[in-house]
Amino acid sequence: MPTAEIITIGTELLLGETLDTNTRFIAQTLRGLGVDLYRTQTVGDNAGRIAEAVGAALQRADIVITTGGLGPTVDDPTRQAIADAAGVKLEFHPDLWEQIVARISRYGRAPTENQKRQAYIPKGAVIIENPVGTAPAFIVESPSVDVHVVITLPGVPREMETLLADAVVPYLQKRFNLHDIIKVRTLHVSGIGEGALDEQVGDLETLINPTVGLTAHSGIVDIRIAAKAGNATEAEPDDRQSGKRCAPPAG
């Protein structure tokens, strides 16, 4: 299975001014494709730090997905940062500019000169047209390791979700020949602390597939079971094994 990392971009995220919902949505989408997500991180609107984060992620993961920083303003540096990380120049696309102008004109407005920035894409990138916003997305395929890709999406949740579902998922399925899934089931346990529950199921937490983990909440401990398989049926537990371990704690 391929591995992935997510990088959300925006100083407003680091300042706590905006809630990051994109990471969760992308993570759940990748899970449904059977892609292993190893890391997520947030980087401010700084081209150097974004390029550094992307370059490091490409050393570890097959798929790097970024969101944010594709707007028309000076503090939207993602396009330049991705180009720097890939070692290429930005390239102006007149056809993209025409689409941006047409979309803005529908609202009775004239495009400003700075909005031209959104028509600049890293040289050689695969363009993803944005039918619900002005910022095109794009995919950079690493020339040095041909399976590595950087997928750069807008930060606006509605735009990101649309492009992810309509363009990115089909792309990943084809490029990485994805057929597996990761199915997650969560059991909610009350009346027992996390440490005591760990004593009962600790051996299961060392499994490779499915993976088992505990998460403590107020008055409840969750047991998370994540199974990788070729399809949803294969990921389901064997009925013959159900109920054999779930004895209630003594007392």
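Figure 1. At a relative accessibility of 29%, phenylalanine 92 counts as partly exposed (buried means under 20% relative accessible area, exposed over 50%, and partly exposed in between, with a 1.4 Å probe and protein chains only). This is a predicted model, in which local features need pLDDT of at least 70 and side-chain atom pairs count only at pLDDT 80 or more, while totals for chains, interfaces and linings use all residues. Residues are numbered from 1 along each chain as its sequence is written, and side-chain values use heavy atoms, with hydrogens and water left out. The structure holds one aromatic pair. Phenylalanine 92 and tyrosine 120 form this tilted pair, at 5.0 Å centre to centre and with 50° between the planes (rings of Phe, Tyr and Trp, the last by its six-membered ring, pair if their centres lie within 6.5 Å; planes under 30 degrees apart count as stacked, over 60 as edge-to-face and the rest as tilted). Distant parts of the chain are linked by the pair, with phenylalanine 92 in strand β4 (residues 90–92) and tyrosine 120, 28 residues apart from it, in strand β5 (residues 120–122). Helices (H or I, at least four residues) and strands (E, at least two) are DSSP runs, numbered from the N terminus. Tyrosine 120 is also partly exposed, its relative accessible area being 34%.

**Figure 2. Crossing of helices α3 and α4.** The axes of α3 (residues 47–60) and α4 (residues 78–86) come within 8 Å and cross at roughly 45° (axes are lines fitted to C-alpha atoms, for helices over the stretch in contact, and angles run from 0 to 180 degrees between N-to-C directions). Helix α3 is therefore oblique to α4 (angles under 35 degrees count as roughly parallel, over 145 as roughly antiparallel, 65 to 115 as roughly perpendicular and the rest as oblique). Ala47, Ile50, Ala51, Val54 and Gly55 of α3 make the contact with Thr78, Ala81, Ile82, Asp84 and Ala85 of α4 (contact means heavy atoms within 4.5 Å).

**Figure 3. Surroundings of asparagine 22.** Asparagine 22 is found in helix α2 (residues 22–33). With a relative accessible area of 5%, asparagine 22 is buried. Leaving aside residues up to four places away in sequence, asparagine 22 touches Thr67, Pro154, Gly155, Pro157 and Met160.

**Figure 4. The protein as the setting of these views.** The secondary structure comes to eight helices and 11 strands. Of the 251 residues in the protein, 39% are buried. Among contacts between residues at least 6 apart in sequence, 69% join residues at least 24 apart.
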